[in-house]
Amino acid sequence: MSSTPHIQAVETLLVDVPTIRPHRLSVATMNHQTLVLVRVQCSDGIEGWGEATTIGGLAYGEESPESIKANIDTYIAPLLEGQDAGAVAQRLARVAGQVQGNRFAKCAIETALYDAQARRLGVPLSELFGGRVRDSLPIAWTLASGDTARDIAEAERMLDLRRHNIFKLKIGLRGVREDVAHVAAIKAALGSRASVRVDANQAWSVTEALDGMRGLADAGVDMVEQPIVAHDKLGLKRLTDANIIPIMADEALHGPRDAFEVAATQAADIFAVKINQSGGLRGAARVAGIAEAANIALYGGTMLEGAVGTMASAQLFSTFGELAWSTELFGPLLLTEEILQEPLQYRDFALQLPTTPGLGITLDTARLARMRRA
């Protein structure tokens, strides 16, 4: 009998977790998050975990929690079961060759396979991507209640706890000038104690964005994330060329091909790198490499994943040479339920990375069994 470990089973779980408060974006208001978790079980007793969490059902993108689970269970899992668990690149190549699109689903599978392989080798997952250059990552917190006084109070509390001193405000539901006034009031209250950024989630037209950017720059805001629709890369370049305030591309980056197009035209100052949006860890690493080659700054983004996707992102981001705009890996802190045996460690304005093998986390399977969707 061969001693080569093989994949015995691929399981996909949907876990619905309430959020600590309504999280208001221009595309949706979230009162809970649906975590899409994937477990890969191998014949040598090792298992790996991945996550394919998205935002707001189909309001944000073309994959929903339900479609991710259905496509993994129906099309991807049969390509993996019974195959060599250690030949990760071969497994992923086969999936890529037979499954079109499905970036989030592929990311979860890739993460789970790499988590298992890193555990098998006895090293942190970051070692499979060149090794980490930092052991902690600065973490931004998103203020998204929409209430100015409440957002200021929340930011003050985070500063007092030494948990966050970088704040990103979700805007775009109101008129541009009303949004700018909301942001300006928060920046004025926090002053030099904190960095304030905004994310319009594609809500503005180019002319609205130009108007809003001037007001935000005058208020002392540091940067604007994806102010216009993702497909309008010429419009994004126009905003970047205006040189009013740094522009960050987010939804415009669906993997390396988009990254190359934005970088080649210098249509953004900053890239928000997201593993799910990039189609996986390898795709996100390529997006970051393209940005670095084009002298575009990096920001470690989030899809508001739970602990699995957050730590997968952190393991990769820890290998980036520069992270000039920090990261946003606060997803688990937005949830009311813990899914790990030991929670992730946030302190001194940063997420601390574990040094244990794989993702470095242990899922609480009993709690997941209670919380998972039937």
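Colleague: How many cavities of 30 Å³ or more does the structure hold, and what makes a space a cavity?

Modeller: The structure holds 1 cavity of 30 Å³ or more, a cavity being a set of points on a 1 Å grid over the protein atoms alone where a 1.4 Å probe fits but cannot get out. This is a predicted model, in which local features need pLDDT of at least 70 and side-chain atom pairs count only at pLDDT 80 or more, while totals for chains, interfaces and linings use all residues. Residues are numbered from 1 along each chain as its sequence is written, and side-chain values use heavy atoms, with hydrogens and water left out.

Colleague: What is the volume of the largest cavity, and which residues are the closest to its centre?

Modeller: Its volume is about 80 Å³, taken as the space filled by probe spheres set on the points. Of the 16 residues that line the largest cavity, the closest to its centre are Ile 55, Lys 170, Lys 274, Thr 302 and Glu 328, where a lining residue has an atom within 4 Å of a point.

Colleague: Why is Thr 240 called buried?

Modeller: Thr 240 has a relative accessible area of 9%, and buried means under 20% (1.4 Å probe, protein chains only), so Thr 240 is buried.

Colleague: How do you know that Thr 240 has a polar contact with Ala 267?

Modeller: The side chain of Thr 240 reaches the backbone oxygen of Ala 267 at 2.7 Å, and a polar contact is a pair of N or O atoms within 3.5 Å, one able to donate a hydrogen and the other to accept it. Thr 240 also touches Ile 247, Gln 266, Ala 268 and Asp 269, among others, contact meaning heavy atoms within 4.5 Å.

Terms used:
On a 1 Å grid over the protein atoms alone, a cavity is a set of points where a 1.4 Å probe fits but cannot get out, and a pocket is an open set with protein on both sides within 12 Å along at least five of seven lines; lining residues have an atom within 4 Å of a point. Buried means under 20% relative accessible area, exposed over 50%, partly exposed in between (1.4 Å probe, protein chains only). Lists of a residue's contacts leave out its neighbours within four places in sequence.
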